[in-house]
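Please look over the sequence and the structure shown below, and then follow the sections in order.

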Amino acid sequence: MAEESDLEKTEPASQRRLEQAREEGQVPNSRELATFLVTITGVAGMYALAGWMWPRSAQLLRDGLTVDRRAIFDPAAMFTLLIDRSIDGLVLLAPLFIALLVAAFISPFLMAGWNFAPKALEPKFSKLNPAAGLKRMFSSTAAVELAKGVGKATLVGSVAVWVVMRDHEKLFALFGAPIDIALGATGDLIITATLMLVAGMGLIVAIDVPFQLWHYHSELKMTKEEARQEFKEQEGDPQVKGRIRQQQREMARNRMMANVPKADVVVTNPTHYSVALRYEAARGGAPRVVAKGAGEVALRIRTLAAEHGVPLVEAPPLARALHKHCELEQEVPARLFRAVAEVLAYVYQLNEAFARGGEVPRAPGDLPVPPDLDPGADAAEREDENPTGGPARDAT
């Protein structure tokens with residue numbers, strides 16, 4: 001059952017899947033919306049431009065039917081006349097054509113916004129597969145398109161029947177009416193029928209647009225396995241990322257350990273923390289932390305320092321403070337200058353004693369480490385007040 005649920009498309013399409021679909025030209029589209037917009041634009045355009053187009057159309061018709069008798073027998077003259085009248089007709093209809101063209105382009109923009117997909121222009125021979133064509137013919141989408149076609153045909157037929165049944169007496173009366181009256185009445189009937197048709201198409205569009213959006217997102221749904229795989233591709237495999245982070249930490253640790261032999265001193269806790277310090281007089285500034293660590297890393301620092309003859313100084317408060325408040329390659333804080341200076345002075349004296357065979361200096365004792373910089377100061381005070389480990393008592 002788990003495998004079946006993983007193979008079912010139950011997950012909504014991710015943003016990446018939607019973007020890939022748009023790149024391939026796969027966007028929601030409603031042909032009913034396009035038809036509705038073109039139709040209503042044509043009706044509105046003809047109504048708005050009727051006062052301007054009607055007299056010009058009549059004049060164009062008169063000019064086209066008024067021909068010089070001598071020109072009738074001249075093919076060149078008749079061809080020129082045809083070209084001129086065609087150009088006049090195109091100029092007359094140009095505003096309406098431009099409005100219809102804009103309406104045709106607005107429809108996909110309303111559904112999916114602006115989308116330029118060169119991949120959609122690439123030839124796909126898979127569309128020529130007869131099996132795929134038969135599958136599309138008997139799919140649910142084809143059934144919906146058939147239902148919409150039947151609905152539109154029924155709508156147009158119903159409007160025609162309604163107009164004829166409502167105004168059949170007026171229609172029969174037009175046969176004996178003057179031409180101007182007959183044309184006006186016919187125009188009124190056409191406008192009424194067209195408005196009814198547009199209203200019916202609006203109802204179809206109100207149903208079709210939500211259906212097309214639902215169908216589009218339903219087709220792009222993902223299985224649980226696809227969602228997991230895409231997440232791995234985007235975010236990276238957690239196991240691989242974990243190994244990469246581990247390798248990065250190991251590389252950084254190796255670089256840090258390479259600096260231990262170059263240190264002047266390693267300040268220890270003595271078992272919990274180790275901080276390696278280096279001071280370069282030529283570089284100026286304060287001593288820098290070149291390596292630090294706790295636990296096993298601290299032990300490795302101490303072992304490496306001992307192997308290369310780097311002095312170890314046990315100063316728990318200073319070690320804790322340096323480990324807490326200093327990052328690698330960072331200078332020690334100004335409030336720890338004095339404590340670090342005493343440690344470095346001891347190290348220089350120790351190196352001098354070893355080099356000349358003099359008396360070994362005494363290791364620094366109570367270093368001036370501010371309590372607020374030592375994260376273990378409170379615990380140390382409690383141990384001093386209660387060395388037996390029992391509950392601490394008030395001095396009074």
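## An exposed tryptophan and its partner

In this predicted model, W214 counts as exposed because its relative accessibility is 54%, whereas F211, at 24% relative accessibility, counts as partly exposed. The structure holds one aromatic pair, and it is F211 and W214 that form this pair, with 6.0 Å from centre to centre and 35° between the planes, an arrangement described as tilted. Both residues belong to helix α9, which covers residues 179–219, and because they are three residues apart there, about one helical turn separates them.

## The chain as a whole

The protein chain has a secondary structure of 15 helices and six strands. Of its 396 residues, 27% count as buried, and the accessible surface comes to about 26800 Å², with 62% of that surface belonging to carbon and sulfur atoms. Among the contacts between residues at least 6 apart in sequence, 76% join residues that are at least 24 apart.

## A nonpolar patch on the surface

Six residues, I98, V102, I106, F109, L110 and W114, form a nonpolar patch on the surface, and together they have about 670 Å² of accessible area. One of them, L110, lies in helix α5, which spans residues 75–112. L110 is classed as exposed because its relative accessible area is 54%, a value over the 50% cut-off for that class.

## The largest nonpolar core

The largest nonpolar core has 25 residues, and those that touch the most other members are L277, L318, L322, V332, L336 and V340. Two or more residues of this core come from each of the strands β3 (265–268) and β4 (273–278) and the helices α13 (316–325) and α14 (337–356). The largest share, seven residues, is given by α14.

## P287 and its contacts

Which residues are in contact with P287, leaving aside its neighbours within four places in sequence? They are R278, Y279, Q330, E331, V332, V340 and L344. For one of these contacts, V332, the separation from P287 is 45 residues in sequence, while the C-alpha to C-alpha distance in space is 6.2 Å.

## Two further loop residues

E329 lies in the loop between α13 and α14, and with a relative accessible area of 42% E329 is partly exposed. The phi angle of E329 is near 60°, which is a positive value in a residue other than glycine. As background to that value, most residues other than glycine have a negative phi.

H308 is found in the loop between α12 (296–307) and β6 (312–314). With a relative accessible area of 46%, H308 is also classed as partly exposed. H308 and V260 are 48 residues apart in sequence, and their C-alpha atoms are 8.6 Å apart in space.

Methods:
Residues numbered from 1 in each chain as written. Predicted model: local features only at pLDDT ≥ 70, side-chain atom pairs only at ≥ 80, totals over all residues. Heavy atoms only, no water. Phe/Tyr/Trp six-rings, centres within 6.5 Å; stacked < 30°, edge-to-face > 60°. Helix = DSSP H or I, 4+ residues; strand = E, 2+ residues; numbered from the N terminus. Buried < 20%, exposed > 50% of the residue type's maximum accessible area, 1.4 Å probe, protein only. Patch = residues over 30% accessible without salt bridge, like charges linked within 9 Å, V, L, I, M, F, W, Y side chains within 5 Å. Areas by Shrake-Rupley, 256 points an atom, 1.4 Å probe, with all protein chains shown as cover. Salt bridge = Lys/Arg side-chain N within 4 Å of Asp/Glu carboxyl O. Core = buried A, V, L, I, M, F, W, Y, C linked by side-chain atoms within 4.5 Å. Contact = heavy atoms within 4.5 Å.
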